[in-house]
Amino acid sequence: MANTATLKIEGKELQLPVIIGSEGEKAVDINKLRAETGYITFDDGFGNTGSCLSKITYIDGEVGVLRYRGYPIEQLAEKSNFIESALLVMNGELPTPAERSSFSQLLTANAPLREGLVRFIQSFPRDAHPMAVLSATLNALGAYYPHLASNNHQNDLEHFDEAAAIAISKVRTIAAHTYRVSKGLPFNYPNPKLGYCENFLHLMFSEPYSEYVPTPEVASALNLFLLLHADHEQNCSTSTVRMVASAGANLFASVSAGVNALWGPLHGGANMAVIEMLKAIHADGDDGTKFIAAAKSGKGDRLMGFGHRVYKNYDPRAKIIKTSFYKALASLGIKDDPLLNIAMKLEECALNDPYFVQRKLYPNVDFYSGLIMRALGIPENMFTVMFAIGRMPGWIAQWREVAANPKLKIYRPRQIYVGEPQRNYVPTNLRQG
Ligand code: CMC
């Protein structure tokens with residue numbers, strides 16, 4: 001394989017180093033391009049830009065591969081759980097029993113919210129979007145734990161475990177408290193005897209005189225949902241976290257920015273869009289056939305939950321989540337849900353239709369995750385919040401990778417200016433129109 005690439009420009013020839021990743025990914029290093037030629041590169045939307053060297057997650061979208069720290073997602077889904085995989089993603093190795101237990105203690109100790117944070121959440125309007133509340137409250141953690149949010153990476157890294165446990169534990173409590181406020185319901189306090197997912201469901205759904213106890217299948221579906229979302233390399237929210245971190249910002253400020261990026265409908269909102277699509281199909285009296293025909297003609301809406309920018313094969317997460325979804329449905333006794341029937345019909349049609357097959361449009365993780373959230377009783381406006389809870393370990397790992405980089409440079413892309421050339425100021429009385 002070549003270890004340099006030759007660029008000829010304005011009669012000049014430049015040798016650009018080639019970087020090969022550990023899975024054979026090839027990149028041309030253009031770091032010296034501008035200094036040596038005056039040129040920059042143009043890559044609208046960064047679709048062809050490697051923004052960093054990272055050891056966290058590997059994706060091969062052509063064959064449908066996803067690995068956290070080298071471990072295939074299928075193995076982690078079968079043998080691990082969300083918290084263990086979170087430690088793997090954040091620290092680089094599967095935890096020893098002692099590391100696992102000490103992190104669990106940190107999670108338990110940090111599950112409750114300080115009284116001021118509870119009041120902060122209560123102060124939002126009842127119909128506030130939970131992503132707005134989540135982002136603001138995660139950022140406010142920096143005010144409550146200033147020793148973890150000094151904006152000095154070296155100092156903040158010394159307290160990494162505590163800060164990571166606070167973010168992972170409290171994101172769940174903040175989300176559940178926000179939901180309870182929106183419904184005008186009393187808060188539930190975290191139960192130190194419960195595991196991460198069971199505790200979240202308790203915080204959400206227990207009532208003063210009736211403790212919510214999920215079936216093992218429901219708790220395991222939630223665990224899997226979170227595990228499958230734990231990291232997905234340089235997507236929009238993760239790149240945002242790294243960008244903010246590159247300026248020296250603390251963990252809480254950085255992940256709060258990640259939540260804002262995730263809020264966008266092109267990123268974290270697809271699982272909600274799947275449910276909206278199914279509802280619209282149902283309201284139209286369609287079984288999915290008309291909708292598919294319209295999507296294929298290009299005149300109707302796209303089939304939400306199908307296709308992926310990176311996966312041109314089955315999204316490996318979708319395959320895994322589908323099985324657990326059916327188990328959770330059976331344990332909840334859900335058999336004849338009209339939206340579910342439509343979803344199954346859509347999936348069957350699309351997987352056998354040449355339009356979708358030729359374009360390599362397979363179900364993505366959002367197709368099933370929206371259905372799972374709905375079956376668990378999570379309201380639609382909380383779907384993206386659930387994604388954020390799952391993605392927290394990935395954001396933390398990516399923040400750490402940036403903060404611990406001894407050669408860290410602030411992220412500062414360039415642009416190609418296409419506005420007005422230089423012109424002179426026009427006094428108000430001489431302006432036309
Ligand atoms: N339904 C119908 N046709 C589609 C769909 C779809 N869901 N997705 C792509 N196509 C068609 C598209 O019209 C185009 O057809 P043609 O070649 O005839 O013009 C072809 O497939 C390629 O489309 P594209 O827009 O160039 O593909 P992309 O890789 O840029 O888009 C995507 C990827 C995810 C934005 C797109 O597939 C889509 O809009 N899907 C529905 C929304 C969705 O489910 N998003 C969740 C993605 S997973 C989120 C995550 O991992 O964070």
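**The ligand and its shell**

Guide: The protein has 19 helices and 6 strands, where helices (H or I, at least four residues) and strands (E, at least two) are DSSP runs numbered from the N terminus. This is a predicted model, in which local features need pLDDT of at least 70 and side-chain atom pairs count only at pLDDT 80 or more, while totals for chains, interfaces and linings use all residues. Residues are numbered from 1 along each chain as its sequence is written, and side-chain values use heavy atoms, with hydrogens and water left out.

Turning to the ligand, 17 residues lie around it, of which R302, L303, G305, F306 and H308 come nearest; a residue belongs to this set if one of its heavy atoms lies within 4 Å of the ligand. By class, this shell holds 7 nonpolar, 4 polar and 6 charged residues, with Ala, Val, Leu, Ile, Met, Phe, Trp, Tyr, Cys and Pro counted as nonpolar, Asp, Glu, Lys and Arg as charged, and the others, Gly among them, as polar.

On its own the ligand has 950 Å² of accessible area, and the protein covers 67% of that, as computed by the Shrake-Rupley method with a 1.4 Å probe.
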